[in-house]
Amino acid sequence: MEDLSFKERVEELNFYIKSIKRLDEILNYERDKELNKKFNSLSKNYNASNLVVILKSNAGMMMYNLVEATIKSLIANIYTDINLTRLKYNELNEKYRTIIKNYKFNNNSAEKIKESATDLINNILNDEYMIFEVSNFKLSGNADLRKIKEVLERHSIDLNNKQIQKYGSPLVFIKNTRNSLAHGSRTFTTIGSQITISDIEKDTNDIINFLIYLIDQTNDFIASKGYRV
């Protein structure tokens, strides 16, 4: 079952892209008429066409946010299910034992590592249930195909490489767009001028199909309790 927030984000993104397309059509139809004049009067250096270009860039940001939010939600769903199932350390498969150890020992302080090691050993010896904290999972700004595959495979979710390889290019593009705009290394007009609305529509459809595939794979994994030994 797809997450409600995913459906909402997809609907929001589709509405945004349709709005850009409609605005572009209106501005082209109204060229040199009243609406164009109103936009053109707002700035000496920018006009109505620049507005569409800027909006196209922002679509890349929205697509990236959809990707990152969805991946985080999938991992959160896995962790929640593990916590509700109430599993001990020896009931987890090897990959999830590694995950819990990595989370425990991700602090460079020798004292903290010593404390974490003691806690984990006590948890194992006392047959306590393992708790997976969603806040331990990080993904900020890096969600391209390579990273997503790495994250999901680390969580024992198998992906069909032939099926998902075609999504590599749009994922890299929206990741780079997001990072360039977030870090200020490129302008909205620079990026937006290099893509068409048709490009954005295709990338959006590809990204949505890719995420639906990941949702289905993760839901199957959770249903089969794939994190168990």
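Residues are numbered from 1 along each chain as its sequence is written, and side-chain values use heavy atoms, with hydrogens and water left out. Because the model is predicted, local features need a pLDDT of at least 70 and side-chain atom pairs count only at pLDDT 80 or more, whereas totals for chains, interfaces and linings use all residues. The predictor's confidence in each residue is given as pLDDT, on a scale from 0 to 100. The chain has an average pLDDT of 91, and 94% of the residues score at least 70. Among the elements of the chain, the highest mean pLDDT, 98, belongs to helix 10, and the lowest, 76, to helix 5. Helices are DSSP runs of H or I with at least four residues, strands are runs of E with at least two, and both are numbered from the N terminus.

Aromatic pairs were assigned to rings of Phe, Tyr and Trp (its six-membered ring) with centres within 6.5 Å; planes under 30 degrees apart count as stacked, over 60 as edge-to-face and the rest as tilted. The count by this rule is 7 aromatic pairs. One of them, between Y79 and F132, is tilted, with 5.2 Å from centre to centre and 40 degrees between the planes. This pair links distant parts of the chain, 53 residues apart: Y79 belongs to helix 3 (residues 48–85), and F132 to the loop between helix 5 (110–125) and helix 6 (145–154). Y79 and F132 are both buried, a term that stands for under 20% relative accessible area, with exposed meaning over 50% and partly exposed in between (1.4 Å probe, protein chains only).

The pair of Y96 and Y227 is edge-to-face, because the ring centres are 6.2 Å apart and the planes stand at 70 degrees. Here too distant parts of the chain are linked: Y96 is in helix 4 (residues 94–104) and Y227 in the segment after helix 10 (197–223), 131 residues apart. With a relative accessible area of 0%, Y96 is buried, and Y227 is buried with a value of 0%. Ring pairs join Y79, Y96, Y103, F132, F221 and Y227 into a cluster.

Helix 6 contains the buried residues L145, K147, I148, K149, V151 and L152. An α-helix has 3.6 residues a turn, so residues three or four places apart point the same way. The buried residues of helix 6 pack against helix 3, helix 7 (161–164), helix 8 (168–183) and helix 10. S156, which follows helix 6, has a positive phi, near 70 degrees.

T218 is found in helix 10 and counts as buried at 1% relative accessibility. Residues up to four places away in sequence aside, T218 touches L74, I78 and I157. T204 is also placed in helix 10 and is buried, with a relative accessible area of 1%.

K175, in helix 8, is buried with a relative accessible area of 17%. Apart from neighbours within four places in sequence, K175 is in contact with Y64, G141, N142, A143 and D144. K175 and I75 are 100 residues apart in sequence, and their C-alpha atoms are 19 Å apart in space. G141 lies in the loop between helix 5 and helix 6 and counts as buried at 3% relative accessibility. Not counting residues up to four places away in sequence, G141 touches Y64, E68, K175, R178 and N179. Between the C-alpha atoms of G141 and T190, 49 residues apart along the chain, the separation is 20 Å.

The largest pocket is lined by 15 residues, among which I100, Y103, K104, I131 and N136 lie nearest its centre. A pocket is an open set of points on a 1 Å grid over the protein atoms alone, where a 1.4 Å probe fits, with protein on both sides within 12 Å along at least five of seven lines; lining residues have an atom within 4 Å of a point. Helix 4 and helix 5 are the elements that give two or more residues to this lining, and helix 5 supplies the largest share, 4 residues.

Notes:
Contact = heavy atoms within 4.5 Å.
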